[in-house]
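Please look over the following structure with attention to its charged pairs, its nonpolar packing and one of its pockets. The briefing below takes these topics in turn.

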Amino acid sequence: MKPTSFLRLLTWIAGMIVLLAPEGLAQEEVGPDPRPTLAERLGYDADAKLLIIHADDIGVAHSVNRASIDAFTQGAINSGSIMVPCPWFPEIATYVRDNPGLDLGLHLTLTSEWNDFRWGTVLASTEVPTLLDSLGFMYATAEDAAQHMDPREAEAEIRAQVERAIQFGMQPTHLDSHMGTLFQTPDLFLAYLRVGRDYGIPVFVPGGAIREQAPQLMALLDPEDIVIDHLAMATPDVPASKWDAFYREIVENLRPGVTEIIVHVGYDDAELRAVTRDHPDFGAAWRQRDFNTFTNPEFKRLLDQNDVQLITWREIGALLRG
């Protein structure tokens with residue numbers, strides 16, 4: 001996968017991404033909304049700074065599973081999402097069954113981006129042929145996937161991923177979209193929303209980006225759908241030497257409302273280096289840096305110093321259950 005296409009997609013979805021640049025820290029501007037804020041719906045003050053520290057891509061590799069489990073154990077992350085079609089899904093599913101209180105959802109997967117480490121669909125290829133490239137794998141980029149796939153087949157596949165997780169004894173706390181594929185078109189976005197509504201599982205919707213970049217998607221939301229206020233995530237613009245400083249500035253400038261910081265943790269070992277070969281962006285060293293930053297006790301102290309309260313998707317899901 002060309003890294004630039006992934007980054008364009010991330011920027012499109014996460015219009016409110018926090019970037020550490022010479023000009024300083026920038027966050028999205030979101031217009032006033034007369035309805036109760038998500039923080040107020042959750043029972044917090046409107047000016048509360050609420051944070052979900054969310055690990056993506058769990059299940060993709062053993063190294064990512066081990067690092068995610070260690071990060072949960074150390075209290076460094078408090079949420080995550082799992083890729084059901086990936087080879088190491090059964091390992092993390094067993095861990096989830098043994099630790100049912102964790103806040104773990106599904107990273108609905110319709111792409112397979114690595115050079116030598118690929119996967120296909122949960123459903124048989126004959127049921128979802130438009131989701132697969134000429135080699136029988138999911139497409140490498142969200143753009144290619146969206147261009148080729150029949151939205152009905154995409155919906156069937158993500159439903160199958162939810163069903164597979166349930167079959168393995170999981171109760172997903174939320175749904176989100178790997179590489180943002182389900183935000184590519186209104187039909188895919190509607191499929192994403194329908195699956196969440198049908199299963200009573202909240203889906204991740206980054207409000208600022210949708211309002212600014214794709215208001216036609218915002219119009220597809222129902223009043224009870226959950227919209228997260230702010231999103232932050234490291235991008236390749238952040239040099240390794242400023243990794244800790246990047247996240248520190250996010251916390252120090254956190255705005256009221258619900259923010260999700262998306263991290264990618266893993267161990268920089270032989271397995272993950274092989275999986276992410278020729279992908280320095282979101283590769284093994286990147287994931288080790290994220291792990292090191294968030295497991296450092298200084299980060300917990302930083303949250304305390306800035307009056308940040310950690311919340312989970314479990315709390316958000318309770319809103320849907322009334």
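A salt bridge is taken here as a side-chain nitrogen of Lys or Arg within 4 Å of a carboxyl oxygen of Asp or Glu, and a search of the whole structure finds 14 salt bridges. The model is a predicted one, in which local features need pLDDT of at least 70 and side-chain atom pairs count only at pLDDT 80 or more, while totals for chains, interfaces and linings use all residues. Residues are numbered from 1 along each chain as its sequence is written, and side-chain values use heavy atoms, with hydrogens and water left out.

**Overall architecture**

- The chain contains 14 helices and nine strands, where helices (H or I, at least four residues) and strands (E, at least two) are DSSP runs numbered from the N terminus.
- Of the 322 residues of the chain, 56% count as buried, with buried meaning under 20% relative accessible area, exposed over 50%, and partly exposed in between (1.4 Å probe, protein chains only).
- Among contacts in the chain with a separation of 6 or more, 75% are accounted for by residues 24 or more positions apart, a contact being heavy atoms within 4.5 Å.

- Side chains of opposite charge can pair when their charged atoms come close.
- Arg287 and Asp57 form a salt bridge in which the closest N and O atoms are 2.9 Å apart. Because Arg287 belongs to helix H12 (residues 284–295) and Asp57 to strand S3 (residues 49–58), this pair ties together parts that are 230 residues apart in sequence. Both Arg287 and Asp57 are buried.
- Glu155 pairs with Arg194 in a salt bridge whose closest N and O atoms are 2.6 Å apart. The pair links distant parts of the chain, with Glu155 in helix H6 (residues 151–167) and Arg194 in helix H7 (residues 186–199), 39 residues apart.
- Glu155, at 11% relative accessibility, counts as buried, whereas Arg194, at 34%, counts as partly exposed.
- A network of salt bridges links Glu155 and Arg194 with Arg159 and Asp198.
- Lys300 and Asp304 also meet through their side chains in a salt bridge (3.2 Å, N to O). These two residues are separated by about one helical turn, because they stand four residues apart in helix H13 (residues 297–305). Lys300 is partly exposed, with a relative accessible area of 46%, and Asp304 counts as partly exposed at 46% relative accessibility.

**Nonpolar cores**

- The largest nonpolar core has 89 residues, and those with the most contacts inside it are Leu175, Tyr192 and Tyr247. Such a core is a set of buried Ala, Val, Leu, Ile, Met, Phe, Trp, Tyr and Cys residues joined through side-chain atoms within 4.5 Å.
- Leaving aside neighbours within four places in sequence, Tyr192 is in contact with residues including Leu108, Ile158, Leu175, Phe183 and Phe204.

**Second largest pocket**

- The lining of the second largest pocket comprises 13 residues, of which Gln171, Pro172, Thr173, Ile201 and Arg321 lie nearest its centre. On a 1 Å grid over the protein atoms alone, a pocket is an open set of points where a 1.4 Å probe fits, with protein on both sides within 12 Å along at least five of seven lines, and lining residues have an atom within 4 Å of a point.
- Helix H14 (residues 313–320) gives the largest share of this lining, three residues.
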